Amino acid sequence: MPTTETTPQTGAEQSAEGEEESTTKVVSTPTAAGPRKSDRRSVAIPLSTIITGSVTVIAIVAAGILGGFLVSARSDIADRDRQAADSRHAEQVATNYAVGAATIRFDDIGAWIARLKAGTSPQLANKFDATAPKLDDILSPLKWTSTASAIAAKVSSSTDGTYKVDVFVNVSSTNAQNPDGAQTTVTYNVTIDKKSDWKITDVGGVNAALPTK
């Protein structure tokens with residue numbers, strides 16, 4: 001039976017095999033430059049996610065615009081309500097004054113003059129003080145008495161806090177010449193300054209409620 005002999009490897013041959021194995025190992029190791037192209041991954045975003053995100057952004061923008069419109073609308077409504085309230089207040093102030101100015105008793109002229117001065121500016125009040133004696137000379141001999149009731153009041157104009165109000169008053173009067181009495185409609189033109197604590201700065205129509213000489 002043939003015998004197989006194993007020839008012992010020399011040191012040089014063993015060294016060559018070792019170098020071959022070492023070289024093979026180095027080649028098979030991934031370099032530090034980064035992953036190979038086969039290791040890179042692509043990320044796919046579903047279309048539904050993109051649509052949902054776009055709708056959300058649009059909704060946020062629309063909500064912001066709508067919110068701005070609502071704030072502006074509320075401010076406009078508040079301004080309109082404030083202006084309407086101021087007009088009503090001016091009309092009430094003018095109405096109260098007109099009714100008081102048209103209510104006269106010949107035996108109590110002082111009280112009537114006080115009503116003419118009530119709520120007026122100092123300048124207007126001084127004018128009534130100056131004319132009070134003349135008014136007394138007219139009303140006392142005639143025994144003039146009158147009562148008044150408001151018909152309507154309307155702001156005719158308003159500029160920078162100054163309101164002009166027309167007040168229509170029904171006046172019932174009696175006097176020595178007409179003891180049965182008479183009724184007339186008198187229009188008072190009252191100017192009111194909001195900036196001066198709603199003081200009355202001018203009045204027209206007072207003479208219309210008085211008898212002529």
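This report walks through some strand pairings and salt bridges of the structure above.

The model is predicted: local features need pLDDT of at least 70, side-chain atom pairs count only at pLDDT 80 or more, and totals for chains, interfaces and linings use all residues. Residues are numbered from 1 along each chain as its sequence is written, and side-chain values use heavy atoms, leaving out hydrogens and water.

Let's start with the strands (DSSP runs of E, at least two residues, numbered from the N terminus, as are helices, which are runs of H or I with at least four residues). Strands pair if DSSP finds at least two bridges between them. Strand β2 (residues 145-159) runs antiparallel to β1 (residues 104-105), with two bridges joining them; here isoleucine 104 faces serine 146. Strand β3 (residues 162-175) is also antiparallel to β2, through 13 bridges, and threonine 147 stands opposite serine 172. Two residues lie between β2 and β3 in their hairpin, where aspartate 160 has a positive phi near 50°.

Next come the salt bridges (a side-chain nitrogen of Lys or Arg within 4 Å of a carboxyl oxygen of Asp or Glu). The structure has five, including these:

| Pair | N to O distance |
|---|---|
| Arginine 82 and aspartate 79 | 2.2 Å |
| Aspartate 86 and lysine 194 | 2.7 Å |
| Lysine 195 and aspartate 160 | 2.8 Å |

Arginine 82 and aspartate 79 are about one helical turn apart because they sit three residues apart in helix α2 (residues 47-101). Lysine 195, in the loop between β4 and β5, and aspartate 160, in the loop between β2 and β3, are 35 residues apart.
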